[in-house]
Amino acid sequence: MFLIRATDQLTKLLMILAAAWAFILCFFILADIVFRALNMPLQGTKEIVANSVVMIVFLQLGFAVRSGSMLQADFLISALNPSVRKALVVLGLLLGAAFFLFLMKAGITPALRSFANGEFDGEGALRVPVWPARFTIIFGSGLAAFNYLLLAVIEAFGLSDRLKFR
């Protein structure tokens with residue numbers, strides 16, 4: 001139970017952090033637009049925004065999975081009997097976990113290489129490091145996989161009343 005509560009709190013914290021960063025990013029983009037109108041664009045805006053969008057998505061991923069906000073096609077299984085429906089839902093959750101575990105595994109080598117080589121985006125006045133976005137992909141994917149596994153266990157053993165996301 002402690003692990004589940006800690007994971008739920010972590011996913012909420014990361015979601016808030018990502019939302020705050022998205023809010024701040026809006027002002028950065030607005031400033032770039034205003035300065036472009038004055039023919040003085042902010043250097044590195046494209047690189048900062050590109051890396052930030054990736055980080056925002058993967059920081060919010062664990063929350064989206066745990067809160068049940070991921071896209072589902074319920075109409076396909078609603079006509080089936082409850083035991084088949086339950087089995088298909090658990091299978092779908094396990095496939096989601098497998099997908100994000102593979103994504104996490106595939107991201108480890110590029111992230112380590114990016115950190116070791118000091119990889120940057122952009123040229124000139126502002127160079128944005130790439131490794132934070134790459135490690136965020138690994139962390140967000142791992143948290144999403146964990147939450148998919150947690151939801152699969154909850155669904156398989158009928159624990160939804162005891163382990164609700166709060």
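Author: A residue is called buried under 20% relative accessible area, exposed over 50% and partly exposed in between, with a 1.4 Å probe and protein chains only. By that rule, buried residues make up 31% of the 166 residues in the protein. This is a predicted model, in which local features need pLDDT of at least 70, side-chain atom pairs count only at pLDDT 80 or more, and totals for chains, interfaces and linings use all residues. Residues are numbered from 1 along each chain as its sequence is written, and side-chain values use heavy atoms, without hydrogens and water.

The protein has five helices and two strands, in the order α-α-α-α-β-β-α from the N terminus. Helices (H or I, at least four residues) and strands (E, at least two) are DSSP runs, numbered from the N terminus.

The pair in question is helix α1, residues 2-37, and helix α2, residues 45-66, which pack at an angle of about 155 degrees with their axes 8 Å apart. Axes are lines fitted to C-alpha atoms, for helices over the stretch in contact, and angles run from 0 to 180 degrees between N-to-C directions. The angle makes α1 roughly antiparallel to α2; angles under 35 degrees count as roughly parallel, over 145 as roughly antiparallel, 65 to 115 as roughly perpendicular and the rest as oblique. In the contact of α1 with α2 there are 16 nonpolar, five polar and four charged residues. Here Ala, Val, Leu, Ile, Met, Phe, Trp, Tyr, Cys and Pro count as nonpolar, Asp, Glu, Lys and Arg as charged, and the others, Gly among them, as polar.

As for overall dimensions, the C-alpha trace spans about 65 × 35 × 30 Å along its principal axes.
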